[in-house]
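Have the sequence and the 3D view open as you read.

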Amino acid sequence: MKTPSLGNYDILSFDCYGTLVDWESSIVETLQDIFQFHDANMNNDVVLEYFATWEPEEQAQGGSYRNVLRRVLMKCGFRLGFVPRSEDLSRFEECVARSKPFEDTCDSLRTLQDYFKLAIISNTDNDLFEITSEALGVEFAHVVTAENTGCYKPDAAMFEAAIQKFGRSQRVLHVAQSLFHDIAPAHAMGIDTVWIDRTDGRAGAARSSDATPTWRYADLAAFAQAMVDTS
């Protein structure tokens, strides 16, 4: 399949968590510290499996992303036989926002912002994304969050809200790691997609999906280089 062409798009929209920042490491490290305090044990892969199941279930119930994460931790505690402390809940509700950028993220974003408007479409709260954005080092032309839209991906309404905000004349390429949250609904709306396959085929913090992206890259650096090479 041909490389996406630089001249075909005006806006690159990005999922944030799992695509730009390493949310899996942050989720696992934070939960394992909490579990250890409560003398509870769970394998790292199982931690991610439960998170991938419970996070969208709680998102479907609505509420802020802070409350979604609190409810996920309560489910973990119920499964392992402990009641999370208030400090556990406060720590976990910010752990995703405080995830570190992948090594290739900041340089890739700086490269791409010379050619495109950059946007975020993310299942988070506005104040949580503000925490994350401090580490990304670029200015986003648009930020669309679950708090803004009142829904969570993979609800296509979130992409519809983003397109309205961007302007329907804008040509958009959506870049994401999650086939479930991003690639499937964006593709269904006719938006071209790039899958950044950070997990290299293994199960991760997002549900599996058989959605087919328009293009696939192993990391953001490879995608950014491919786009620049078409200039």
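## Ground rules

This is a predicted model, where local features need pLDDT of at least 70 and side-chain atom pairs count only at pLDDT 80 or more, while totals for chains, interfaces and linings use all residues. Residues are numbered from 1 along each chain as its sequence is written, and side-chain values use heavy atoms, with hydrogens and water left out.

## The cores

Start inside: the largest nonpolar core holds 69 residues. A core here is a set of buried Ala, Val, Leu, Ile, Met, Phe, Trp, Tyr and Cys residues joined through side-chain atoms within 4.5 Å. Buried means under 20% relative accessible area, exposed over 50%, and partly exposed in between (1.4 Å probe, protein chains only). Phe14, Phe92 and Phe223 have the most contacts inside that core.

Take Phe223: beyond its neighbours within four places in sequence, it touches Pro4, Leu12, Leu112, Leu173, Val175, Val194, Ile196 and Tyr217, a contact being heavy atoms within 4.5 Å.

## H1 against H4

Helices are DSSP runs (H or I, at least four residues), numbered from the N terminus. The axes of H1 (residues 23-37) and H4 (residues 86-95) come within 9 Å and cross at roughly 170°. Axes are lines fitted to C-alpha atoms, for helices over the stretch in contact, with angles from 0 to 180 degrees between N-to-C directions. That makes H1 roughly antiparallel to H4, a label for angles over 145 degrees.

From H1, the contact uses Ser26, Ile27, Thr30, Leu31, Asp33 and Ile34, and from H4 it uses Asp88, Arg91, Phe92 and Cys95.

The whole structure has six aromatic pairs, meaning Phe, Tyr or Trp rings (for Trp, the six-membered one) with centres within 6.5 Å. One of them is Tyr50 with Trp54, stacked at 4.7 Å centre to centre with 10° between the planes; stacked means planes under 30 degrees apart. The two are four residues apart in helix H2 (residues 44-60), so about one helical turn separates them. Tyr50 is partly exposed at 21% relative accessible area, whereas Trp54 is buried at 8%.

## Backbone details

Look at the peptide bond from Lys153 to Pro154: it is cis, with omega near 20°. Pro154 sits in the loop between H7 (146-149) and H8 (156-166).

Asp39, in the loop between H1 and H2, has a positive phi near 55° without being a glycine. Asp39 counts as exposed, at 69% relative accessibility.

Conventions:
Angles under 35 degrees count as roughly parallel, over 145 as roughly antiparallel, 65 to 115 as roughly perpendicular and the rest as oblique. Rings of Phe, Tyr and Trp (its six-membered ring) pair if their centres lie within 6.5 Å; planes under 30 degrees apart count as stacked, over 60 as edge-to-face and the rest as tilted.
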